[in-house]
Amino acid sequence: MAAGSALSLIAAAICLVLALAVLAPVASGDGATLESVPDLVKAMYLNIESFPCVRLLNLSGEIGCSNPGSEKIIAPIVRFRKGSDQLVQPSTVLLPLDQMSDFFLRVSNDPELLRKVSGVLIESSGVSNNLQGLSPDRKFPQDAFAPYSNHTHDWNPAGSGIMWNRYDFPVFLLSEESTRTLRKVSEKNEKTGSGYKANVAEFDLVMQTTKAQTHDSASCLKEHSCLPLGGHSVWTSLPPIKNGSTEHQKPIILAVTSQDSASFFRDRSIGSDSPISGLIALLTAVDALSHIHDLSNLKKQLVFAVFNGEAWGYLGSRKFLQQLDEGADSVNGINRLMIEQVLEIGSVGKAVTGEYPSFYAHAAGNSPASKKILDALQSASKSLGSDNVKVTQAASSNPGVPPSSLMSFIRKNMSTSGVVLEDFDSHFSNRFYHSHLDNPANINSSSIAAAAALAARSLYILASADSVVDLMTLNTIKVNVSLVEELIGCLLTCNPGLSCGLVKSLISPSSSSCPSHYVGVFLDDPSGTQFPSYADDTSRFVWNFLADRTSTSAGNKSSCTGKCGDEGEVCIGAEVEGGGRCVVSTTRYVPAYSTRVKFEDNAWHVLPANSSDPMGVVDPLWTESFWDTIGLRVYAVQDSTYDWLILLAGLSITAASYCAVHVGRTYILKVVKRD
C-alpha cells in the first residue's frame, strides 16, 4: 500500500509540474511575487483608464452606447490602421482618433461590419493639430429650435452627427497612457496570430434601460430606469435689486451665457471654446463692472444669467423664461416685460486670428433696440483704443442668429432685441465643437480677455441709455487678465482644475478630477432651489463668484453656513472651512430641466406638449439611463482549441496515473506473496 501511495504522489507531482508549465505564461511578465488572491487578480487583469459613451434617451428612442444585454462583453483587440480594414471575427476595435467619424458612419451603414464589432476603443493622442476637424454634433446643432425656417445652413461644417446615433456596443475613449498600453497589447495579438493566447477587452457597460427594456424617455421615466437631464442656472444683478421687488423697476439689460457642453464621451465634455470661453468672459466682465461706483445711478438695470443644459434643448434658458411667466421665487425681482435688450456672449476663445481680436455680432432682427446694442459694441471697441478689438456685424446672408440661448428668447417673443457676440461669422471657427478635443489648447486667453472688455464696456454704455456716457468712467473699466488665466486653469484644466485657490475659497469641490461640463441629471424635487444640495461644482462656483462680485456689505458681519438672517442677504462661501459671510446680493439659482417634465409623487412625469410653448413641442426630452458599474479591463485568454488539448492531456495523465498505480499495485502484491 505504501508503494501505491508513493506512485500516486509521483503522478500528482507530474500533474502539478504540467499545470505550472501551462499557467506560467499567463502570469509571466512582471516577475512579481504572487502572495494573495488580489495579487493574482492584479497580475491577470489590467484595468484601463478610459471614458465611456453612455446611453441617452428621448421621446422617440435612444442614442449613445451600451452593451446589447445585461452581460459583459469579451472580445480580442484588433487595431484598425486605415478606414478600409475588415474584421474576420467579433472583435474589439482599437481605433485611431482621425478615423473616428468615418468609422462610426461606416458602422451605421455596413451591417456586416456591425455584426463583428463587439466594442470600440478610441485612441487618445496629440494629433488634434493635424485633424481638419472632429465634431460629433450635426452641421446645424439643435436646428429644431431655430426661430427661422432655413435649417440647412452649415453652422458647424466639421459636424458628422455621429453622437446622435444608437450603438449597441460599448465605446470608450482611452487616456494617453492607456492608448500606449493598448497599442502594445494589439501588437502582441498580431504577432501571436493564430497562437494559443489572445489579449481581450472585457466591457462592463450595462445601462439600466437595456435591462428594463425601456427604449424611450417616457417609458424609462415610468419604470424609474432613467432621470431627466438638468442642473442649475444662476442669475444675478448689478447693483443688487432692492428687496427683490419688481415695483418701480428699471428696464433690464440682460447679459447671458451658458456653462455646459456636450461630447460623444460623457465625462470629457470640456467645451473650452463652446461655451466656456463665453462663461469666462462674462465672469471677467462682471468683475470689471463691480469696481465701478454709482452703478445704481444708471438708467437701466444690469442682470446677468448663466444657463445650464443649453447643449440639450436649451433647458436652462427655456426654464428661466417659464419661471418668469409663472412668477417663481427663483426669479423674484425680474419682470420679463422689463427685459429690453439681451446680449449673449457665445464662443469667444478663437477671435485672435491676426494682429488683434476680431468678433462678429449676430443680431436678432433689425429693431432699433438691436441696433443700439450693435452701436454700443462699436463704441466700446473704439473706446479700447490701442487694444484694437474689432467688431463686425455678421453677414446678412446668414439665416439668423447661430445656435444660442438667444433662440429661446426669440421663440418666446419674436420681437426680442438681442445680439450674440461670437468669434465666427457664417460658420463655427471651432473645428472641435462638442468634441473632447475642445480643450484649453483650442482657445486663446487674450481673445477671451478682449471679449470681456468689449462686453463690460458695451453693457455700461447700454445701461447709461440715451444719456451722455461718462467717458472717464468708461475708460476705467478694465479687465483683470490674470483672472482670465486663473479661470481657464480652474474650469478647463486638470491641474489645478477645481482644486485651484479661487474655487476652493468659495466652495468645497465634490471632485478633484478633471473638469467636465456635461449637464448631468436632475435628481428629485426642484422646489427650494436656492440651496440645492446636489448642484454641480461649476454651478455652485458661478453662484458664489457672482454673489461675491455683485455684493454690497451686509450689516451682519458674522460668519454663516447657510441662510442669512436679513432679507436680501446671501451667504457666500458657506461650504469652506470656517464658514462664509453674509452679503447683500440678488444672486439666485434657477432649475434647468425640460419644460415637458414635472416632479410629482416622488417621480418624474412627462407632460403633454403645449402648443403655446413652441420650443416645448419640439423638445426631445433627454434622459440618461442608470447603470450599475462601468468598467474596462484587459487580460489574456487561451484559445478554446488549446483548452481542449489541456483537457485531453489532463485526462491522459489521469488515465496513465491510474494505470501506473494499478500495475504497480499488482506487481507489488505479487512480490509480497513471493516473499
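Student: Let's pick F359. Which residues does F359 touch, leaving out those up to four places away in sequence?

Tutor: Happy to. This is a predicted model, and in it F359 contacts V348, A351, V389, K390, V391, T392, L421, E422, S447, A450, A451 and L454.

Student: Which residues touch the most other members of the largest nonpolar core?

Tutor: F359 is one of them, together with I280, L289, F304, L454, Y460 and F541. That core has 80 residues.

Student: And which helix gives the most to this core?

Tutor: Helix α12, spanning residues 445-463, with 14 residues. There is also another core lying apart from the largest one; it has 55 residues, including L56, I63, I73 and L95.

Student: Which way does each residue of β18 point?

Tutor: G418, V420 and E422 point one way, while V419 and L421 point the other way. Both sets are buried. In a regular strand, side chains alternate between the two faces of the sheet.

Student: What does β18 pair with, and is each pairing parallel or antiparallel?

Tutor: Strand β15 (residues 339-345) runs parallel to β18, joined to it by four bridges. Strand β16 (residues 358-363) pairs with β18 in the antiparallel sense, also over four bridges.

Student: Which residues in β18 stand opposite E344 and Y360?

Tutor: E344 stands opposite V420, and the bridge partner of Y360 is E422.

Student: New topic: the surface. Which residues form a nonpolar patch there?

Tutor: W644, L647 and L651 do, with about 370 Å² of accessible area together. L651 is found in helix α18, which covers residues 640-674.

Student: Why does L651 count as exposed?

Tutor: Because its relative accessibility is 53%, and the cut-off for exposed is over 50%.

Student: Let's zoom out. How many helices and strands does the chain have, and what share of its residues is buried?

Tutor: The protein chain has 18 helices and 27 strands. Of its 675 residues, 53% count as buried.

Definitions and conventions:
Residues numbered from 1 in each chain as written. Predicted model: local features only at pLDDT ≥ 70, side-chain atom pairs only at ≥ 80, totals over all residues. Heavy atoms only, no water. Helix = DSSP H or I, 4+ residues; strand = E, 2+ residues; numbered from the N terminus. Buried < 20%, exposed > 50% of the residue type's maximum accessible area, 1.4 Å probe, protein only. Pairing = 2+ DSSP bridges. Patch = residues over 30% accessible without salt bridge, like charges linked within 9 Å, V, L, I, M, F, W, Y side chains within 5 Å. Areas by Shrake-Rupley, 256 points an atom, 1.4 Å probe, with all protein chains shown as cover. Salt bridge = Lys/Arg side-chain N within 4 Å of Asp/Glu carboxyl O. Core = buried A, V, L, I, M, F, W, Y, C linked by side-chain atoms within 4.5 Å. Contact = heavy atoms within 4.5 Å.
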